[in-house]
Amino acid sequence: MNRSYFDEEEAFLEAVEQRYRLKQADEWIFQKYLYDFLKMTNLPLPLRERLAGGWDIIPLKVADRQRSGDGSTAKTLYETADGLFVESVLMGYEDRKTLCVSTQVGCRNKCRFCATGTRGLTRDLTAGEIMGQILNDSPLTNIVFMGMGEPLDNLSQLIKALRLLNHPDKMNFGARRITISTVGIPDGIRALADENRQYGLSWSLHAPTDDLRSTLIPVNRRYPINEVMAAMKEYGRRTGGSLTLEYILLKGVNDAPELARATASLARMLNAKVNLIPYNAHPYADYERPGTEAVQAFSGILQAEGLVATVRESKGNDIDAACGQLAGRHH
Ligand code: SAH
């Protein structure tokens, strides 16, 4: 099995002997989007051959790539070196190219409406595997950690990848163009604040009361709303990164007008935008998406309360690439 460049930097340094060789490789990777050691023509040929034989820059194989009917979305299925599957979703807007990346194979948070958690957590992805998804579709304008897994349950590899993305000598990707989406883990949010970067932070609220939220998101019993609110507030204050509340709309479950008002008051306390996501159907849950009128009514209440509320037009529904539909490969 080949070694992974971003996961074993120390061993790589030993293999190339001099640090400037690593810098040369990084220039090819981050400035030319070239991931083949053999083609790094300013490295000596024997070294190139040795590296190509033993090292991977992207430690993933593309197992499948599907495009949505309208061509705006592409879902890539990757196979890891140990035979596991993860997915990433590329969304092209007019002047933007956003990649939704996975951080885990599966997820331990069994949110009732989400396909990813149905089989539990298999393992964390490494920083190299996270970077691999990103490099494969680079250059990008935006990166969202909203694919399979809970990013803050894989904090060390998430932070390692974020530093590689943001560092001026590495990808030099602006923190404000990166968003991390979390179920809401207070210690993880504070650890991210310690990075002192303006990464956008999205909290998957989905219900503004603990009773209702706990029925949808089991981990709410451990980290109730007020504790996550405190951590989010601290994140915003310490980093200046923008905050968003995500709110999936489930027909007859969490779409009542009084819940919109309660959500508005939480958003106001955080100075956060609200992103509404009408439920995307999949075989692992039996919720329904509310009608357009109910969605408009909910967002109308938020807007009337002076908040910025957007409805996420989930891309790639026809190829099961929309939020909550990523399941890797079920056997
Ligand atoms: N673990 C992270 C990332 C998850 S996926 C988190 O919890 O935020 C990104 C978003 O899609 C989350 O807000 C998630 O709750 C939402 N989501 C999950 N299943 C969905 C579904 N079936 N329809 C629409 N959104 C869904």
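Q: Which residue of strand 11 is the bridge partner of isoleucine 180?
A: In strand 11, isoleucine 180 has leucine 201 as its bridge partner. Strands here are DSSP runs of E with at least two residues, and helices are runs of H or I with at least four, numbered from the N terminus. The model is predicted: local features require pLDDT of at least 70 and side-chain atom pairs count only at pLDDT 80 or more, while totals for chains, interfaces and linings use all residues. Residues are numbered from 1 along each chain as its sequence is written, and side-chain values use heavy atoms, with hydrogens and water left out.

Q: What makes strand 10 and strand 11 a pair?
A: Two strands pair if DSSP finds at least two bridges between them.

Q: Why is the crossover from strand 10 to strand 11 given a handedness, and which one?
A: The chain passes from strand 10 through helix 6 to strand 11 in a β-α-β crossover that is right-handed. The term applies because, with the strands pointing away from the viewer, the path from the first strand over the helix to the second runs clockwise. Strand 9, helix 5 (residues 155-166) and strand 10 likewise form a right-handed β-α-β unit.

Q: How do you know which strands pair with strand 9?
A: Strand 6 (residues 97-100) pairs with strand 9 in the parallel sense over three bridges, and leucine 99 has isoleucine 143 of strand 9 as its bridge partner. Strand 9 also pairs in the parallel sense with strand 10 (residues 178-182), over three bridges. There, valine 144 stands opposite threonine 179, and phenylalanine 145 has isoleucine 180 as its bridge partner.

Q: Why is glycine 188 called buried?
A: Glycine 188, in helix 6 (residues 186-194), has a relative accessible area of 4%. Buried means under 20%, exposed over 50% and partly exposed in between, with a 1.4 Å probe and protein chains only; glycine 188 is therefore buried.

Q: What makes both faces of strand 9 and strand 10 covered?
A: In strand 9 (residues 142-145), Asn142 and Val144 on one side and Ile143 and Phe145 on the other are all buried. In strand 10, the buried residues are Ile178, Ile180 and Thr182 on one side, with Thr179 and Ser181 on the other. Five of the five residues of strand 10 are thus buried.

Q: Which classes of residue make up the shell around the ligand?
A: The shell has nine nonpolar, nine polar and two charged residues, Gly being counted as polar.
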